[in-house]
Amino acid sequence: MTINDSQQPASRRGKVLEALARAERKVFTRPAPKSAKAQVKFLLTRAKGSTKALAERLGVSRRTVERYRAGTLTTPQKRLRAALVEETESKWQPQVRAQARHQAATSSGMMVDVTAYFGFTCTGSSDDGRERTITTAISPTYAKQILELQEAGATEEDLHQIVAEAITESYFTQWGTRAAGLRADFTHVLQIEFRF
């Protein structure tokens, strides 16, 4: 371990952002590089060979990047390992990911499996808020909004709002055929998974 391996903490994403990243990884047609050396070599091709740019993205020194590229260092510390995986997977097979995102936003939508605390507001009577496990389809319109927010760097709270709207429309109001005026919000997300 070098001093630079422990410089910065790994970025922490919320559960919705992580679930979207996992959904994208599931559409890969080939596995992403696994070893630190292979990941660094791949990331260097994306950084046009700039060890400085890659070092800044990973939060390590240029020398550390060079050592992993040469294979003299092989086992990164936990923070660097997480950064390598995240960076590699975010840049792996961009056309495959773009195609899946486009299809979800224009024709197929997405599926969501979520366990969270749902609270309700409406003009009539309603169930009290409680923890629910829901699996439902999200329309392409909502899928597009969710994916655009993710691309724009939205916060977890912003995504909670739009995902709650999508679930309300597809699951609780069944596309406007029942429970007019119902609005569901969710908090305390225990688990969430998306599928393209």
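I take helices (H or I, at least four residues) and strands (E, at least two) as DSSP runs, numbered from the N terminus. By that rule Glu-156 sits in helix α8, residues 156-172.

Ground rules for these entries. The model is predicted, so I note that local features need pLDDT of at least 70 and side-chain atom pairs pLDDT 80 or more, while totals for chains, interfaces and linings use all residues. Residues are numbered from 1 along each chain as its sequence is written, and side-chain values use heavy atoms, with hydrogens and water left out.

Entry, overall. I counted eight helices and three strands in the protein. Along the sequence they run α-α-α-α-α-α-β-β-α-α-β. Of the 196 residues, 42% are buried (under 20% relative accessible area, 1.4 Å probe, protein chains only).

Entry, Glu-156. I looked up its burial: Glu-156 has a relative accessible area of 14% and is therefore buried. Setting aside neighbours within four places in sequence, I found Glu-156 in contact (heavy atoms within 4.5 Å) with Gly-14, Lys-15, Val-16 and Leu-17. A polar atom of the Glu-156 side chain lies 3.0 Å from the backbone nitrogen of Lys-15.

Entry, α1 and α7. The axes (lines fitted to C-alpha atoms over the stretch in contact, angles from 0 to 180 degrees between N-to-C directions) of α1, residues 15-25, and α7, residues 140-151, come within 11 Å and cross at roughly 105°. That makes α1 roughly perpendicular to α7 (65 to 115 degrees). I list Leu-17, Leu-20, Ala-21 and Glu-24 from α1 against Ile-146, Leu-147 and Gln-150 from α7.

Methods. Parallel < 35°, antiparallel > 145°, perpendicular 65-115°, else oblique. Buried < 20%, exposed > 50% of the residue type's maximum accessible area, 1.4 Å probe, protein only. Polar contact = N/O pair within 3.5 Å; in protein donor to acceptor, adjacent residues only side chain to side chain.
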